[in-house]
Amino acid sequence: MWSWGSVIGETRAADIRSLAACPLRTYQHQDYGRMTFLEKYKDEIADILSRYPVMRSALIPLLYVAQRDQGYVTESAMQEIAHLLRLTPPQVYETITFYTMFNLKPVGKFHIQVCKSLMCALVGSDTVIEWINLKLGIASGESTADGLFSLSVVECLAACGTGPMMQINEDYYEQLTEGKLDQILADLRSTGTSPLKSGPFMWPEPAPAERDA
Amino acid sequence: MPKHELILLKNMMQPGYTGSLTDYEKTGGYQALRNTLGKIAPADVTTIVRKSGLRGRGGAGFPTGVKWGFLPKDYQGPRYLCCNADESEPGTFKDRQLMERDPHQVLEGIVLACYAIGSETAYIYIRGEMVLGSKILEQAIGEARVAGYIGKNILGTGITVDVWVHRGAGAYICGEETALLESLEGKRGLPRIKPPFPATHGLYNKPTVVNNVETLANLPHIITRGPDWFAAIGSPPKSTGTRVFCVSGHVKRPGNYEVPMGMTVRELVYEYAGGMRSDKPMKAFIPGGASAPFLTPAHLDVKLDFEHVAAAGSMLGSGGVTVMEEGTSMVWAALRLMEFFYHESCGKCSPCREGSSWLVQTMRRILAKRGRMEDLETLLDLCKNIAGRTVCAFGDAEVAPIQSTLKHWRQEYVDLINEAEAANLIRPEPVGRH
């Protein structure tokens, strides 16, 4: 039945229910095996949709779900999301291309992003980029042949007091030195994670003497 | 070391403080919420905040209570609160610490603000890169929901406030409040033309308030200890309270320092941040993040509050103090910031979109020693035609590094150009798109 809700894209309980019934087979694609993207993540998608009164708001969170699945956002996922949110595919595409954190092409398993803005550059981020260039043999925008590492040089990541710094996938690594960088790369190769990543941020950390004061 | 009382960073400075709900309650957390909901009228909360003189900590410094007062009083539909956690100004990293170390302090502020403006839904727009921060906030919201501080019927008062974390996706412009709202609606983050202001036509065209993380984190303390206590801190009457300054660059101990407003830059840099990292003296500093014009050591005794920094020809902005030592090329520094602005221009307004590209190209040419003397006039002319001619304040911000370095260190530009002319590189390289 036609309603204004469908025009402005209001989130309705019926949409979330119909999602659970998996109505979409149109965009079935090999990326998700025999399932569509929406079927694979239907619970999570229903949870995200329930947060917003207008469906389009769920676009960026849904694109994150799609990116987590494949490492980048596939075209079929974009089409499914467009269908679900009642958007045209260009509306999804214009949004995704505005934001730098979405990959439209496959990237390495570990996506290294080094900050090169002024505050990090003052304390040596250009040297860090050179180290990575030499150690991994890749320049910005390239991936290693084994598909493990990709390098991007990015703008400020809000860790200016603890530069030079980089982000690898979801984790921050701060106050980089050459030894620390070697250790991180070795850890990632062997275990897929590194204990050198930042925890909850606090800098400067209170020194014991200050605590007593 | 702190010679004054800490407000926002007090909890996290205690040994063993984890930021969990139990820890926060032990330090008196959520007492402000208990004493406010259903006991003080929402309009009175707004009055308290207005009296305290609290000003927005995100950059513009607009009085928070006044901002809340702009919401239409008789509007019946939903209203929204958006917590601006997009912290993407180069030089600023305070919100990250406030959210990751003491998330409940921020959440309590959010619920109090929602109560004051009559909103039942709050979105925390956190920048996409801060994955850890968003996880910590999600977890804290879960804890608070179980304890009955967030959700339906909070503490049995019948008041509903739902808080959701919404991750951005890496766009600096989404820290601008109308761009943030566009982004939250699932669109490209292009700033809206104002008026209408978000107070009447904000998220989904409903009345909306957008407040910075640090602003909201101040609220529980203002409610508990009263507006007069808060208004006496700092440099009243215009700049009250403390400010978390983020010191970065060539100093011994960079980091977040919470100090009362009105402290001099000299004291902040030399006493708190430990002074310069080497024996080289200071050459320049930025007092308020990348958008603020550079200042020289002659301005070291400028008081860090909204009025005094503005009088010195810069702005307090987001509180990111970046220090540069002698030997740093100011042309290079301005170019680095300019490249940032070029990358982050959203492309809505032509002066900013095209101008930032021309500025970067001209600056690169000067730095590559292929510049011409008339390039300096070109730079100033471009700056003049960008500032004030765009929808949002981004246009004013992006010309700040070039205008201020040209004002204070024009000789460095001239030297580079003279070198170019001496080397007989008269014909500059054709400048193309990079």
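Trainee: In β3(B), which residue is the bridge partner of Ala122(B)?

Mentor: Val163(B) is that partner. This is a predicted model: local features need pLDDT of at least 70, side-chain atom pairs count only at pLDDT 80 or more, and totals for chains, interfaces and linings use all residues. Residues are numbered from 1 along each chain as its sequence is written, while chains are lettered from A and ligands numbered from 1 in the order in which they are written.

Trainee: How many bridges join β2 and β3 of chain B?

Mentor: Start with the idea: two strands pair if DSSP finds at least two bridges between them. Helices (H or I, at least four residues) and strands (E, at least two) are DSSP runs, numbered from the N terminus. Here β2(B), residues 121-126, pairs with β3(B) over six bridges, in the parallel sense.

Trainee: In what order do the strands of the open sheet lie?

Mentor: Four strands of chain B run β3-β2-β1-β4, with parallel pairing. β3 (162-167) and β4 (208-212) of chain B are the edges, each pairing on one side only.

Trainee: How many residues of chain B are in contact with chain A?

Mentor: Contact means that C-beta atoms, placed from the backbone, lie within 7 Å. By that rule, 52 residues of chain B meet 40 residues of chain A.

Trainee: Which element of chain B gives the most to that side?

Mentor: α14(B), with six residues. Among the elements that each supply at least two residues are α8, β3 and α14 (330-344) of chain B.

Definitions and conventions: Contact = placed C-beta atoms within 7 Å.
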